[in-house]
There are 2 protein chains.
Amino acid sequence: MTDCPYNLVSGGVTAPKGFVANAISCGIKNPTATRLDLALLYSTIPCSSSATFTTNRVRAACVRVSQENLRQGDYRAVVVNSGNANACTGESGIEVARKQCSVIAEELGLMAREIGVCSTGVIGLPMPMQRIEPRLPELCRDLSDQKGHDLASAIITSDTCEKEMSIEIEIEGKPVRIGACCKGAGMISPCMATMICLITTDAAVAREHLDAITRVGVEYSFNRVTIDGDMSTNDTTIVMANGAAGVSLSPSHPEWVTFERALHDVMLEMAKRIVQDGERVTKFVTVDVIGAPNDQEAKQVAEGVAKSALVKSSWNGNDPNWGRIIHAVGYAGSLVREEKIDIDIAGLPACRKGEQTTTPSDELRDAVLARNFNVLINLNMGDAHYRVYTTDLSPEYVDFNRSEYAYWNQAKKDGLTH
Amino acid sequence: MTDCPYNLVSGGVTAPKGFVANAISCGIKNPTATRLDLALLYSTIPCSSSATFTTNRVRAACVRVSQENLRQGDYRAVVVNSGNANACTGESGIEVARKQCSVIAEELGLMAREIGVCSTGVIGLPMPMQRIEPRLPELCRDLSDQKGHDLASAIITSDTCEKEMSIEIEIEGKPVRIGACCKGAGMISPCMATMICLITTDAAVAREHLDAITRVGVEYSFNRVTIDGDMSTNDTTIVMANGAAGVSLSPSHPEWVTFERALHDVMLEMAKRIVQDGERVTKFVTVDVIGAPNDQEAKQVAEGVAKSALVKSSWNGNDPNWGRIIHAVGYAGSLVREEKIDIDIAGLPACRKGEQTTTPSDELRDAVLARNFNVLINLNMGDAHYRVYTTDLSPEYVDFNRSEYAYWNQAKKDGLTH
């Protein structure tokens, strides 16, 4: 977080009081691997919780079970695995997710419906429960408030680094903490990405208010990012608030806005880190569309540009190619007028009224050599605006995503496929 | 054309009687280059003509001028250049396109409105008219019915080969010819791609009927292809019918269907060749969505799959990854039901009711090693269907499209930019 206005503390999701975690290595993807791939987050005291899930019509079994559980009350614990998405696995996938919940609930003395379950990894393969189930009791022991980082490690897949943060704010003169961790890094698109984000706070916030704050926060963070335009079957954001800090918050509280802003800032920071660590990306580009006739068209244009393979390829080549940007503006579905479009790249005017400017092309070129830059598109047709955070598209991204076939070979050895 | 049911003849767009062409090298992109980059197609006798243009809101100057001219009557000639798209070039771009038309019209003894003008290449740079204009008179001389292939060469850009064909059918016992050539090869998306297609026939067909046949033909050919999902500012299909074969056709003619089918087959073959020669592609994939609740949703799903970077990357890696296909089906915007979705890859059942089948993964793998294969997605929710022709996405595509910056350097030398 550049110029972070917050007091950063260590601990990630276990920084807020009353939250503990554990992570172990089950060899979910590969029985001989030793990386952490199964994790548990647990609030030692009752808490309220909220969540948003993928809007993909194909939803993973874990998403279905988590939704079902959340409808009946709050989560007290969340189990997360990487290496297998438990998606497109039919009724048996649902049974697996329920089994994960029930075993953990029994160990922790909870009801199964108090467990959230998240999975991320390959789609379409049954979960290797023969390796997961025997380890669940162990996962529920050795929980610690020092293991937030282990959890952050266990949930990542193609991410190159853990993504976590924790901050402390002051409310009613008391310290209140917010902790978060998340994973990306491919199949990332608005509403939502192949992402999991867990957020904890030791403030007390009733479910209805937590729902509202989460919904708005997701809209301005995770729903504003696109890496490759592909929306996953598993995306989940879970927020848990347990009140251990001794502060109870609601919108009528005089310091509600302080808390709300801090939580939203944490979500936005997590979203940006997902983009920055997108698969094989070299650029972090903020696309702002302003002057749009309405919100919907502002969004269409911003996402159209952010998803264009040609625009993204040019960014990878440090090419300040406003011609490709305007072509994507033109087909994005908004009734733009070419002769009104202005485009600034990295603060330099690149296009005015649909034509090139006198900005020296070398200056534009130098500006996009930076890892981070902005593209500002003014449609000059109204007051609506929209922002998207995105990346370039690299040859290495495609190469990286060419084949998951090795996973299938392992799955065949495991008897999970044919 | 595999198993072509037609009598193939040579000559491309100059195979039909009464059509002549010429192509020269102007060094439009690079003054030292010698490749053909400026071409003219001319019907020596009056003809009717029809055209479809890009639906991009950002339209090249040549598209605007061609549309303006077509509203006033039929084209007798079409001038095409590669190397510069004359797009986003403002009023001066319009003047350039009009100048091209007026100079050619004068040379050929026509009116300027009888000229169609097409450009393809870089967006946003003024046309180097200092190199084009002096050569236009020469272009109008030396027209020949042997130069269809030269024209096909002059219009290609990143295409790896010329795309042309000409066939002869028999109507009223007389030979009737249809000739075509086109160019791709990036920025290819439905409605329409960075493509130019010129089609000639020596049948006589009135404008209204030619319009109808063109509109339907484009819908089932060029609007069904996607390579990178990027729609260009310049896409144009022009069909010219001059009657030199001595056969006059209309929908009431008993052999109309023969002609209509032949013209549509030529368009589809041109569209397929654009896909097959997509930038750095290694696969030609036909995506069929069936069992959709309505046409719109069938189209959304087919295009969603065909545009997914992850799906396309997996095809590049010979990975029969139905999990990625179903995830793209799920977010394409149709209200699909996961538990009803069946997916066949290359004729093999890969997914039934949203889950993996017992088809051995090695068999699926072997099937997608082929350059051409089909993906059949049955939503099992209705009777609507839609087909899209598409490709894989390769690391080489991204690498190829990383930078057009060299063009800008040349443009700077030409005084066309800063």
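This is a predicted model: local features need pLDDT of at least 70, side-chain atom pairs count only at pLDDT 80 or more; totals for chains, interfaces and linings use all residues.
## Helices 1 and 2 of chain B

Helix 1 of chain B passes helix 2 of chain B in a right-handed crossing. Helix 1 covers residues 61–71 of chain B and helix 2 covers residues 90–108 of chain B, and the two pack at an angle of about 55° with their axes 8 Å apart. Helix 1 of chain B and helix 2 of chain B are therefore oblique to each other.

Which residues of helix 1 of chain B meet helix 2 of chain B? They are A61(B), C62(B), R64(B), V65(B) and N69(B). Across from them, helix 2 of chain B brings G93(B), I94(B), V96(B), A97(B), R98(B) and C101(B). Sorted by class, this contact of helix 1 of chain B with helix 2 of chain B has 7 nonpolar, 2 polar and 2 charged residues.

## How the two chains are related

Let us step back to the whole assembly.

## The interface between the chains

How many residues of chain B are in contact with chain A? There are 61 of them, and they are in contact with 60 residues of chain A. On the chain B side, the elements giving two or more residues are helix 9 (309–316), helix 10 (322–331), strand 17 (355–356), helix 11 (361–367), helix 12 (395–400) and helix 13 (405–413) of chain B.

Helix 10 of chain B gives the most to this side, with 9 residues. By class, the side of chain B that touches chain A is made up of 22 nonpolar, 27 polar and 12 charged residues.

## Two domains in chain A

Chain A is divided into domain 1, spanning 7–276, and domain 2, spanning 284–393. Taken over C-alpha atoms, the centres of these two domains of chain A are separated by 34 Å. Where they touch, 10 residues of domain 1 of chain A are in contact with 9 residues of domain 2 of chain A.

On the domain 1 side of this contact, strand 11 (225–226) and helix 7 (256–276) of chain A each supply at least two residues. Helix 7 of chain A gives the most to that side, with 4 residues. The residues on the side of domain 1 of chain A that touches domain 2 of chain A divide into 5 nonpolar, 3 polar and 2 charged.

## Helices 6 and 7 of chain A

Helix 7 of chain A also has a helix partner to look at. The axes of helix 6 (residues 207–219) of chain A and helix 7 of chain A come within 9 Å and cross at roughly 40°. Helix 6 of chain A and helix 7 of chain A are therefore oblique to each other, and helix 6 of chain A passes helix 7 of chain A in a right-handed crossing.

From helix 6 of chain A come I213(A), G217(A) and V218(A), which meet E260(A), L263(A), H264(A) and M267(A) in helix 7 of chain A. By class, this contact of helix 6 with helix 7 of chain A has 4 nonpolar, 2 polar and 1 charged residues.

## Helices 8 and 10 of chain A

What is the angle at which helix 8 and helix 10 of chain A pack? Helix 8 (residues 295–307) of chain A and helix 10 (residues 322–331) of chain A pack at about 135°, with their axes 8 Å apart. Helix 8 of chain A and helix 10 of chain A are therefore oblique to each other, and helix 8 of chain A passes helix 10 of chain A in a right-handed crossing.

This contact is made by V301(A), G304(A) and V305(A) of helix 8 of chain A together with I325(A), A328(A), V329(A) and Y331(A) of helix 10 of chain A. The residues of the contact of helix 8 of chain A with helix 10 of chain A divide into 6 nonpolar, 1 polar and no charged.

Notes:
Residues are numbered from 1 along each chain as its sequence is written. Chains are lettered from A and ligands numbered from 1 in the order in which they are written. Two residues are in contact if their C-beta atoms, placed from the backbone, lie within 7 Å. Ala, Val, Leu, Ile, Met, Phe, Trp, Tyr, Cys and Pro count as nonpolar, Asp, Glu, Lys and Arg as charged, and the others, Gly among them, as polar. Axes are lines fitted to C-alpha atoms, for helices over the stretch in contact, and angles run from 0 to 180 degrees between N-to-C directions. Angles under 35 degrees count as roughly parallel, over 145 as roughly antiparallel, 65 to 115 as roughly perpendicular and the rest as oblique. A crossing is left-handed if the near helix is turned anticlockwise from the far one by less than a right angle, and right-handed if clockwise. Domain bounds come from an automatic or database domain assignment.
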